[in-house]
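I wanted chain contacts, helix packing and strand pairing.

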Amino acid sequence: MPESHVLTKSFYLISTFPGRWDGGELWVEATEPQSAGGSRKARRADGVSSILITANDFASAWALDADNRPMFPVVPGGERQREWAFRTGVNIAMYALTGNYKADQVHVPSLLQRLGQ
Amino acid sequence: MSEYSIDFSPMMPAPLFWAAVAIAVLLAVVLLLRRSRGALLRALALAAVIFALANPTLRQEERESLGNVAIVVLDRSTSQTIAGRPDQSDAIRKKLEAQLGAIDKLEIKWVTGARPDGRKRSGTNLYADLNAALGDVAPDRLAGVIFVTDGQVHDVPKSASALGFNAPVHTVLTGRPEEFDRRIEVLAAPRYGIVGQSRDIEIAVRETGATPRTAPRTVSLRVRREGQEDETLSAQIDEKLIVPMAFPHAGKNIVEIELAETDGELTAANNRIVIVADGVRENLRVLLVSGEPHAGERTWRNLLKSDAAVDLVHFTILRPPQKQDGTPIDQLSLIAFPTRELFSVKIKEFDLIIFDRYQHRGILQLLYYDNIARYVERDGGAVLVAAGDDYAGPQSVVRTPLFTALPAMPTGQVLEEAFKPKLTDDGQRHPVTSGLPGSNRNADGDPTWGQWFRQVDVLPERGRTVMSGVNDRPLLVLDRKGKGRVALLTSDHAWLWARGFDGGGPHTDLLRRLSHWLMKEPDLEEERLLAEANGLRITVERRSMEDEVSPVTVQSPDGSSTSATLEPVREGLWRTTIEASEPGLYKFESEASTGKLTAVAHAGVADPREMSEVTATRERMLPIADETAAGVFWTLSAGASEGADPNVPRITLLSGASTFAGRSWLALKDQQAFVTRGITLTPMFTGFLALAALLFFMTLAWWREGR
């Protein structure tokens, strides 16, 4: 995943994506080169990855039992890692719903400025 | 007709024959030099032998004269339709017919040249028509060509050798010497312009021919623009004039400039110019406000992002103000929603505001909703509400001052069941929904597209319902509010079509047309009058939501008006075809419920070359006439009245002449062409005749010797 990917800023600002484990890579679909992308379907036009692959086992970090207690310890550990795991989950959900919306926000100030002219 | 001639065909091969001739001549010379007796008689005997060997034959040919062909090319170009020229050329034709008909064995071929068909290249191309006619005329029978034209011919060959025949090329001119004409020349004209802006047309008034002394140097020009009062400008001859051309709408924009007719001017037909230029819309600005991240958001976003004509400003309420937790702000990727900027300062810059599942929740000050309602009604803006269940709830935008703009009020009920969106009767006709792929009903009476599952129940108060859902409850309501437009889509499930669920549906078409209708795309107007010219054939189309349409008034370039009735083609579409009698600007007008509809079409290829110079002239036809020893004749004197009887030169047929034209006569060249039907050959000096002659001379020689 490129460092500036939308997933790093779709809701929370995050730079690592821990789950039950930390340190594993997060993989996203490579954006196709423009020349080969002529026949891509319309709903993929925003280039949102349809699959994410990681070795960090997100689900185990999110899993809570009936008493809202975590079911699995996180490694290397700490509630901070679990918090980041939850944030990762929120970002993934936002990414799925809003697509590259956040990537666009960078341009908003200049867009607004252009409006007056 | 018979022709006689004598042929020689020697009885032996030519070299032997010539050797025999040489020997005979040598012998005769020797005999004569030695002055021997009977030398002359012997020489005669030798000559008889040679003559017999030469085998003279009388040849009798049966010939048939083919007669001559004259081609008369009549110029029927547009410049021949002015200033009494049609009558004049008809009179000339009659006189030519009479004169040429009196010439024996002359075949006359009439060619109608340069008749405008609205497609050919520009100008009068009489030589092209002549060449076509020459195709079935043998060049050695062609006695001459007579052009009847005003002399404004645009394809005169550089030299007579290019003609391919040897015969005089005469011209009988229509019109009069010293004609005078004024016209408008276009120096520069825009081909396109941005809607709402204006570009310059540069023109100049030109004159040709002999200007009468009384003609004023200042002329007045009338500028006619679509949807504006006519404007009068004054201009000097040959002075550059700049006329601004406004682009009030997208598509074809037409400006017409007309020069007032001057007294004594040949024609007013070229005093009018028409500039056609495409209006191009500036990028449309759309503000998309998503009330919360939801599944349909990316459908809207991708549609608008991929639309090249749209600049999208998108905001999603990722976290409403009520939901605060302890997360430090620098760990959140949230930016403030610049409400004041968007909804107060720069609201008029947007062409369309879309509220996608938006709920009030105190995000915007109530004042801003008021702004939006005013923006629609007074400034001609547009609002689209794509409602989810929120529209029925307590935070609905209906409970804000925006409600005055909205066409339908929620009942509070949300219908959550499977249904297929259907087009209503209005929807079958409305340009936003008409002909959507998949809308055709299948055997069960349902459209073939996929199902949706949620709809907010509303009571329509205004506007037109073009789609319906559960139990025919309104699904898509369109409304015009003041100068602006409002649309309400009572379901947020259009994205199911995008995902291909249950077969999917035409979400792109529907949402794109919907947003462009809101932004007043002229192609999507409900009441539309369209005129499209193809050559001289004009198709007039009328789209309407009504059951009947009023007839269309057609104003021809000459100012006369007629009425045309449109025939129904299918529901909501009427059409008729008009054959234009002359090229030019046709104006169409029709009444509609929304006001007067206008359309303009320019029939025929504008032929600026043809009508640019219309004064009759000798100059163009003179070089070829000189080269072929022919003439160019005026038929009227300068200042003759338009209906005067034309003088056609006397016509004769000459053979072997070197000049074919005089002051008041013209001649055709008698080509004396014939075909040979049969030949009879009679030998003249063979057999007993030759033998007798030989014996006679020999005997005579002996007798002379013996004395």
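**Strands, helices, interface**

I began with a strand pair in chain B: strand E5 (residues 142-149) and strand E6 (residues 169-173) run parallel and are joined by five bridges. I noted one residue pair there: B:Phe147 has B:Thr171 in E6(B) as its bridge partner. The model is predicted, and I read everything below with that in mind.

Next I traced the sheet around this pair. I found an open sheet of five strands in chain B, in the order E4-E3-E5-E6-E33, with parallel pairing. Its edge strands are E4 (106-113) and E33 (632-634), and each pairs on one side only. From one strand to the next, I got an average twist of 20 degrees.

I then turned to helix packing in chain B. The axes of H1 (residues 14-33) and H2 (residues 39-54) come within 9 Å and cross at roughly 175 degrees. That angle is over 145, so I logged H1(B) as roughly antiparallel to H2(B). On the H1(B) side, the contact residues include B:Phe17, B:Val21 and B:Leu31. On the H2(B) side, they include B:Arg42, B:Leu46 and B:Ile50. By class, I got 14 nonpolar, no polar and one charged residue for this contact.

Last, I checked where the chains meet. I found 21 residues of chain A in contact with 25 residues of chain B. In chain A, helices H2 (79-98), H3 (101-105) and H4 (108-115) each supply at least two residues to the side that touches chain B. H3(A) gives the most, with four residues.

Key: Residues are numbered from 1 along each chain as its sequence is written. Chains are lettered from A and ligands numbered from 1 in the order in which they are written. This is a predicted model: local features need pLDDT of at least 70, side-chain atom pairs count only at pLDDT 80 or more; totals for chains, interfaces and linings use all residues. Two residues are in contact if their C-beta atoms, placed from the backbone, lie within 7 Å. Axes are lines fitted to C-alpha atoms, for helices over the stretch in contact, and angles run from 0 to 180 degrees between N-to-C directions. Angles under 35 degrees count as roughly parallel, over 145 as roughly antiparallel, 65 to 115 as roughly perpendicular and the rest as oblique. Ala, Val, Leu, Ile, Met, Phe, Trp, Tyr, Cys and Pro count as nonpolar, Asp, Glu, Lys and Arg as charged, and the others, Gly among them, as polar. Two strands pair if DSSP finds at least two bridges between them.
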